[in-house]
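Me: I would like to go through this protein with you, one question at a time. Please show the sequence and the structure first.

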Amino acid sequence: MPDTLYIVVPCYNEEDVLPEAIRRLEDKLLRLIGAGLANENSRLLFVDDGSTDKTWEIIEAAHNTSAYNTLTQSTLKHITGIKLSRNKGHQNALIAGLMTAMGKADVTISIDADLQDDIECMDGFLQNYKNGCDIVYGVRSNRKKDSIFKRATAQVFYKLMKWLGVNITYNHADYRLMSKKALEHLSDFKEVNLFLRGIVPLIGFKTATVNYEREKRFAGESKYPVRKMLSFAWDGITSFSVRPIRLVAVFGFIAFLVSIGLMIKFLVDHILGYTVSGWSTLAISIWLIGGLQLLALGMIGEYIGKIYSEVKSRPKYIIEKVLE
């Protein structure tokens, strides 16, 4: 018998694209059920991340409309949803959907609502799952449709993460399949500063990748402008690697060696009777040491801030409404 599949879709102010996303994803789910890759208890689970537009109203309307599956000759409500009490960010909305689905589904697929990820890859996801994979990553085959800036920054980000020692799949966002077993172990990760692209590989188990070409956004505006992308990247780096703070220590040691060298030079100049003004050297030294100190304090503060968030252990999300 096919397993129960939940397709988890986090949404934030997606009223422009959501009706088309619901139509395409529901059609895809019905085809998966008809092909025997999922059973009739499978659902689309939309997570409204505190939207201020009509996103939740659209989800409720879709939930109240039954869909007739001509392949299985049945009428079932395949659309459900949860509404968060306030905007908590993409990663928290996604984990809210996954944890809600964990008790009801045998396998989940997470996908964004912008219709940029190829939904036809779900067949490949489920085939790998049937072959014993607990986690399947959707990986972009290229970035031809991205702007030059976004393409360059994305490449720098993934290479930097690898250099920092973070186990992350290149060109993978949050389009992935996870089995119930993988989700149960994901729930053991209690950190507040979520970066699922780095957390999921830590689970282990058998994994696979499915390549696809990403499309342009169907409608609406991207919810990840440059500022948010940089903030997301910084959170990922500081949540999974202490190497940045070690680099500060290295810079401090180098500055110390340079200062020793300059001290020796000034002593030699003094003994030999050279007359030097020293203003340029003094100014450069002050700015260099001061800059390194501020950098070190900022880096340490970033990690202390994350410790502060983790120690408080505030809930990552609060669910206001649930559609059954």
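Reply: H172 touches Y137, G138, V139, Y158 and R197, leaving aside residues up to four places away in sequence, where contact means heavy atoms within 4.5 Å. This is a predicted model, in which local features need pLDDT of at least 70 and side-chain atom pairs count only at pLDDT 80 or more, while totals for chains, interfaces and linings use all residues. Residues are numbered from 1 along each chain as its sequence is written, and side-chain values use heavy atoms, with hydrogens and water left out.

Me: In which strand is the place of H172?

Reply: Helices (H or I, at least four residues) and strands (E, at least two) are DSSP runs numbered from the N terminus. By that scheme, H172 belongs to the strand spanning residues 172-179, which is β8.

Me: Is H172 buried or exposed?

Reply: Buried means under 20% relative accessible area, exposed over 50%, and partly exposed in between, with a 1.4 Å probe and protein chains only. Because its relative accessible area is 1%, H172 is buried.

Me: Which strand gives the most to the lining of the largest cavity?

Reply: The lining consists of Y6, L45, T80, G81, I82, T100, K104, V322 and L323. At least two of its residues come from each of β5 (79-84) and β10 (319-323). With three residues, the strand that gives the most is β5.

Me: How many residues does helix α1 have?

Reply: Helix α1 covers residues 18-34 and reaches 24 Å from its first C-alpha to its last, close to the 24 Å expected at 1.5 Å a residue, the expected span being 1.5 Å times one less than the number of residues. Its buried residues include L18, I22, L25 and L29. The number of residues in α1 is 17.

Me: What percentage of the residues in the chain is buried?

Reply: The secondary structure of the chain comes to ten helices and ten strands. Of the 324 residues in the chain, the buried share is 44%.

Notes:
1 Å grid on protein atoms, 1.4 Å probe; cavity = no way out; pocket = protein on both sides within 12 Å on 5 of 7 lines; lining within 4 Å.
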